[in-house]
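Here's a friendly walk through a pair of protein chains. Have a look at the picture first, and then we'll go through it piece by piece.

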Amino acid sequence: MLEVQGLTCFRQNRCLFADLNFVLSEGQICQIEGVNGAGKSTLLRAILGLFRPDEGRIIWDGRSTTKQAELFLQHLFFLGHKFAINSDLTPWQNLEFWAALNPTNNTDFTAALSKVGLTGLEHIPCHSLSAGQHRRVALARLWLTNTKLWILDEPFTAIDKSGVQLLQQRFNTHLQSGGMILITSHQDLSKEFNQLIKIKLNNNIGQI
Amino acid sequence: MNINNRPIQLSYWLAFKSIFMRELKLAWQKPTQIIQPMVFFLIVVTLFPLGISPSPKILQMIGPGVIWIAAILAIMLVVERLFRQDYQEGTIEAWLLSTVPMSLLVGAKLLAGWFISCSVLLLITPILALLMNIEAHVIPALMLSLLIGTPILLFVGAIGNALTVSLNQGGVLLSLLVLPLYIPVLIFSTSLIEAATLNMDYSGQLAILVSMLLVSCFFAPVAIAAALKNTVN
């Protein structure tokens with residue numbers, strides 16, 4: 001269970017959000033909404049521990065994540081704006097490298113790549129793939145990971161319609177097996193997921 | 001596909017090896033990484049006889065110093081882009097979110113970086129030494145000083161790169177930050193070579209260089225990990 005307690009983040013003397021509280025339990029998906037610059041990515045980064053919040057705590061299974069960072073990271077899957085795909089390596093090599101640094105016991109890279117429609121492109125350097133395909137390589141990790149909490153920053157960017165559907169199916173199977181998803185997206189997800197929690201970040205320009 | 005409630009413990013050795021192999025693969029796919037510093041090194045050294053004097057006596061005198069300064073400049077080229085691509089592509093963030101300690105991952109990257117770029121410099125040094133008319137009995141001392149000195153230069157430079165990687169014009173700041181730190185290495189290695197030229201014992205200078213190497217080996221990965229963590233924040 002992920003709990004966010006009284007989270008407050010400032011950037012350049014601007015309050016992005018103050019005293020934010022929410023709970024995400026097993027089988028739930030939470031969508032963070034807000035205009036550009038509202039602090040969606042900052043919120044995700046604060047939960048991950050990549051950004052130091054000004055106030056507040058992140059609780060994972062009853063204990064603060066700063067006190068059990070390693071345990072928290074073992075249950076975590078993150079996909080950010082920059083998705084750590086090296087453009088000089090092939091999709092296969094990129095996944096192989098990812099699997100060495102992340103907790104997974106599924107190393108069937110060919111199957112994961114075929115899931116995202118990259119069959120036949122496994123051994124081509126990523127710089128010769130299109131933007132959407134590049135992104136699909138990163139998304140193939142969703143079929144390899146067996147962590148509980150997924151934190152996804154705009155996963156649908158540059159993905160076509162059938163790709164979005166495929167991802168939503170994968171989200172559903174993850175939720176059904178007791179996973180949790182924290183997602184930022186501009187798409188309306190309420191039709192696909194009935195247990196969706198929504199968090200709206202208001203742009204508090206000028207407030208301190 | 002199923003969720004694993006029992007956390008999987010990652011093998012540190014496998015993570016280390018996979019970063020090392022990844023760097024080798026990248027270097028193999030983009031050989032400019034190896035060739036550019038090497039060609040730069042070669043050209044800088046060959047410019048000196050043209051600019052100063054081709055007389056064998058003068059070359060013999062300035063030779064080791066010239067080779068060392070050229071090596072420093074070549075390593076600056078390597079250091080400047082050490083973490084840049086990884087930072088831009090988000091790999092640094094991914095490393096920070098891995099359960100493997102950041103300093104170990106950075107250590108693997110540094111070791112691979114030394115192996116890829118500095119070993120080539122070492123390989124062409126004997127040829128350049130002949131070009132500069134350096135006596136045969138001095139060449140082993142020159143090689144030894146470069147073998148111990150180049151990793152120090154790379155490790156210290158990498159700290160500077162980690163600190164400036166998020167800046168657009170980091171290159172200028174990097175040289176201001178790092179070049180002064182190279183002075184002690186330069187002093188002791190050239191004094192080692194001078195002792196070797198005079199057929200004197202150079203174990204004192206060697207010991208100091210080795211101790212500098214050990215200190216930088218130990219502290220650089222930790223410092224770089226901390227710097228990168230701050231950069232991402």
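Let's start with a word we'll need a lot: two residues are in contact if their C-beta atoms, placed from the backbone, lie within 7 Å. Among the contacts in chain A between residues at least 6 apart in sequence, 72% join residues at least 24 apart. For chain B, with that same cut-off of at least 6 apart, 80% join residues at least 24 apart.

A quick note on what you're looking at: this is a predicted model, where local features need pLDDT of at least 70, side-chain atom pairs count only at pLDDT 80 or more, and totals for chains, interfaces and linings use all residues. Residues are numbered from 1 along each chain as its sequence is written, while chains are lettered from A and ligands numbered from 1 in the order in which they are written.

**The two chains**

Helices (H or I, at least four residues) and strands (E, at least two) are DSSP runs, numbered from the N terminus. Chain A has six helices and nine strands. Chain B has nine helices and zero strands, so reading from its N terminus you get α-α-α-α-α-α-α-α-α.

For the 208 residues of chain A, a compact globule would come out near 17 Å, and chain A has 17 Å, which agrees. For the 233 residues of chain B, the rule also gives a value near 17 Å; chain B has 20 Å, which agrees. Along the principal axes, the C-alpha atoms of chain A fill a box of roughly 50 × 35 × 35 Å, and the C-alpha trace of chain B spans about 75 × 35 × 30 Å.

A residue is buried if 20 or more other C-beta atoms lie within 10 Å of its own, exposed if 12 or fewer, and partly exposed in between, with C-beta atoms placed from the backbone. Buried residues make up 39% of chain A and 39% of chain B.

**A loop in chain A**

Most residues other than glycine have a negative phi, and most peptide bonds are trans. Now look at the loop between strand 1 (2-11) and strand 2 (14-24) of chain A, where Gln12(A) lies. Asn13(A) has its place in that loop between strand 1 and strand 2 too. Gln12(A) has a positive phi of about 50° although it is not a glycine, and phi of Asn13(A) is near 65°, also positive in a residue other than glycine. Are these residues buried or exposed? Gln12(A) is exposed because it has 5 other C-beta atoms within 10 Å, and Asn13(A) is exposed with 6.

Two packed helices are described by the angle between their axes and the distance between the axes. Axes are lines fitted to C-alpha atoms, for helices over the stretch in contact, and angles run from 0 to 180 degrees between N-to-C directions. A crossing is left-handed if the near helix is turned anticlockwise from the far one by less than a right angle, and right-handed if clockwise.

| Helix pair in chain B | Axes come within | Crossing angle | Hand |
|---|---|---|---|
| Helix 8 (170-197) and helix 9 (203-232) | 9 Å | roughly 150° | left-handed |
| Helix 3 (56-80) and helix 8 | 10 Å | roughly 150° | right-handed |

Angles under 35 degrees count as roughly parallel, over 145 as roughly antiparallel, 65 to 115 as roughly perpendicular and the rest as oblique. Helix 3 and helix 8 of chain B are therefore roughly antiparallel. Residues making their contact include Trp68(B) and Ile72(B) of helix 3, and Leu174(B) and Tyr182(B) of helix 8.

**Where the chains meet**

The contact between the chains takes 28 residues from chain B and 33 residues from chain A. Which helix of chain B gives the most to the side that touches chain A? Helix 1 of chain B does, with seven residues.

Helix 5 (residues 91-96) of chain B holds Thr91(B). Thr91(B) is buried, because 25 other C-beta atoms lie within 10 Å. Not counting residues up to four places away in sequence, Thr91(B) touches Ala84(A), Asn86(A) and Asp86(B).

Terms used: Rg over C-alpha atoms; globule rule 2.2 N^0.38 Å.
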